[in-house]
Amino acid sequence: MSDTLLSSSRADAVRVENLIFDYPGRRALSNLSFHISYGSITALVGPNGAGKTTLLRCLAALDLPFSGKVSILGIETNTDPRAVHRRLGYLADIFGLYEGLTVRQCLIHAASLRNLPSPEIPACVTQAAAKLAIDDRLSAIAGTLSRGLRQRLAIAQAIIHNPEILLLDEPASGLDPEARQDLSKLLRQLQASGMTLVVSSHILAELEDYSTDMLILDKGQIIDHTSMKDHAMTALSTRRLVLEVNGNIDGIAAKLTLRDEVSKINAIAEGIEFQFSGDITAQANLLKYLIVEGISVSALWERRASFQDTYVTRVRRERGKPSP
Amino acid sequence: MTNPIFLRHLWSDFSLHRLLITPIVLAALFILGSLTIGKSPQGLWHFVASTGLGLFVVIVIIMGTWRACRSIPEQKVTRTWENIQLSSLSSWQIACGEVFGATAYYWYGGFICLATVALSLGIDTHTNKNIENITLILFLAAILIHATAMQLSLATSSTIERMRPTSTAACFFMAIIVPYLIKDLIDWNSATLLASYPSSQIPDFHPVAWYDLHLTQASATILSYSLMAIWALIGLNQAIRRELQMSTPVIVWAVFILFCLFYFSGFTYGIISISTYRNSIFIWPLNIILGMFARTLPYSNESLYFNGNFLPLAFAFFLSIGFSYFMALWEPKDITQLRRFGWACQNRDWHNINSLFPRWLMTASITAIVGIVFLIAISFERIANPFTLTIIGLSLFAMRDFGLILYLSLERKGRRTVTVFVYFFILYFLVPGILSATGKQNWLFVFIPGQAPYLSAAIIPPLLQALIIWPALTLRWRQLSHVTLEGLALRS
């Protein structure tokens, strides 16, 4: 397990200890331990079959673990699964809608299932529909909606009771780019309203937009759990810079090695790439130094490590393959 | 506040078109029937009442039960069941909402039929008043069947992703047969009692005896259906609780089994002549069981009498063993659940032991207790020996069979239940058939319980077979468990 596992200094909305889940003859989750802070958005990523859906189902108390503990808002799923059900929202990867009902009926039904008081239901329906921008479709039959609208309706159903925790399994799959952007916006809004979110997805670029933490699973095990802030800090403290020059790069590497902040120098197609541990002032000083040394610098830019890069690096490292 | 699940079923199943067309179609059927085949000697209104009850059976009991079987598995396939699982409703609200909501449209048609029955009774006072009882019996039977069907389909769909039509059909027939079996037992009791009356004193109603209590046939049926409908709803509630990951105490199941054994055995209490069993044509399932008893008796004369109190125990034993086989075949046997149960036992985790205790194992344990009590009770009877051989033989064969069911259930692939039935067909029909055809009937005791001439013949063959099955089962268990052993180590 990664040494970057989040420390439990903040209050925990989700706490998982030694979670083991078996399907007959197959281990799906192997001794997972982690915790998720209140008000965070955790991106749950991993290859197909990594155990993401199983983990989300265990968090939702839809499946009970073979052993270990899952605690949601301080309630153990083993001891009081119904209390957990009441306090969270869950959107499955393949979600179901009552195809023959109208959007309004679907939302009223979802609100009634959550035991919301009858007088409050119309207001909750309007609010949830407005939040998901489906308030103009309340009379439409659910079965006639487009993929994107169906997704919105399903999310509206999941959040109608304002849950404290929202678990979303592949919420962006099948959505067009505009709908994905709207989804990102919505998730940020929900987080801002105090909700804790766990989002499983394959589309890492979007997770990067709104996630505060990243949990990488592979073969039922956690291979990394890091906060995006730490990820950004790490990226900031050891940045990879690319130097492009007008002319030959011979001898430049030797000059760079004289600088303390520079390490791991590689010649690449664009010029020279190296690791730089200094801040922005140090970077300016480096540029000045190179120009003074007579190097014809055409560009000096930073190659940012994306969410995708971190994910691929971690998974490959776990599998003993070289990083790309 | 209306049950939201019931309300959703109403929204889904009722449309203005369906609301209007249903009474129109039913009215047309009544008119067509009365114009063509309704000119019966008992009059038009008798025909209307009978047709109303007939249509009630078709609409509510047949079509409604099929719907009850399909409802929850369909919700699982369309992934809407998770909404219910995550709801804030109680398991009772879900159970009632599902069982009455899924069948609401059929009840709508059924109530129209019952309204015509009431109308015919109101208009024609000569119409058979028994129809009132029949109506109530059908009403209760429908609730019993729907709740049983839904419960069975829920248990079946918990282990498979998509329920096959054959599984739905199995749930349907299992549910439909329950009130039939109860009615058969009551009818048989009534016929047996009537046979014991001197011809000059035969009463003008059908009497039924339950222990020392005397009832009419109709009131016994209504009472039995009411009680079993309550149990069916309790069972459905337990199945829903399991779906919601709530604890499902095995004690509820144990109480149900003990209730059934006590209640249904009451209908065999005080029957003192074996000949009444042999002559019974009203209850074929009971005849199969009791016929085996009759075969074990060394006496063939019709005047064999014995202590009337021990027959309920015998019946309870056979009923219990029937329940054990049913549960061993029907209950999902998932190695993960079994290992969780094993782990709970190891740690004396009573909460989980109570919840995870396999129902077939509980039933088998009750069967063993009833068997022992029965053997003690008859130890002073002159028929003790043949009964002892039968009970010991049956118990050992059951041990072999449960081992075989478990062994085949732990297969990773294939249609396991079908495989179990194939093995049973070979063991109970093909091999004994070959033995009989080749004139080796004396060897039937090796494969059929109740055929052994002496104690060692009753014990050794099934015991040897069980000794082959159970080590093989242990081996398979270990093979399947090794991948997850790490889990136990971590917990400890």
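B:Tyr105 and B:Tyr106 are both buried, meaning under 20% relative accessible area with a 1.4 Å probe, protein chains only; over 50% would be exposed, and in between partly exposed. This is a predicted model, where local features need pLDDT of at least 70, side-chain atom pairs count only at 80 or more, and totals for chains, interfaces and linings use all residues. Residues are numbered from 1 along each chain as written, chains are lettered from A and ligands numbered from 1 in written order, and side-chain values use heavy atoms, without hydrogens and water.

Now the rings. Over all chains there are 32 aromatic pairs; Phe, Tyr and Trp rings (for Trp the six-membered one) pair with centres within 6.5 Å, and planes under 30 degrees apart are stacked, over 60 edge-to-face, the rest tilted. B:Tyr105 and B:Tyr106 form an edge-to-face pair, at 5.7 Å and 70°. B:Trp210 and B:Tyr263 have planes at 40° and centres 5.5 Å apart, so that pair is tilted. B:Trp210 and B:Tyr263 are buried too. Both also belong to a cluster linked by ring pairs, which includes B:Trp231 and B:Phe323.

Next, the interface. How many residues does each chain give to the contact? Chain A gives 44 and chain B gives 35, with contact meaning heavy atoms within 4.5 Å. The rule finds 2 salt bridges between the chains, each a side-chain nitrogen of Lys or Arg within 4 Å of a carboxyl oxygen of Asp or Glu. B:Glu82 forms a salt bridge with A:Arg57, the closest N and O atoms lying 2.7 Å apart.
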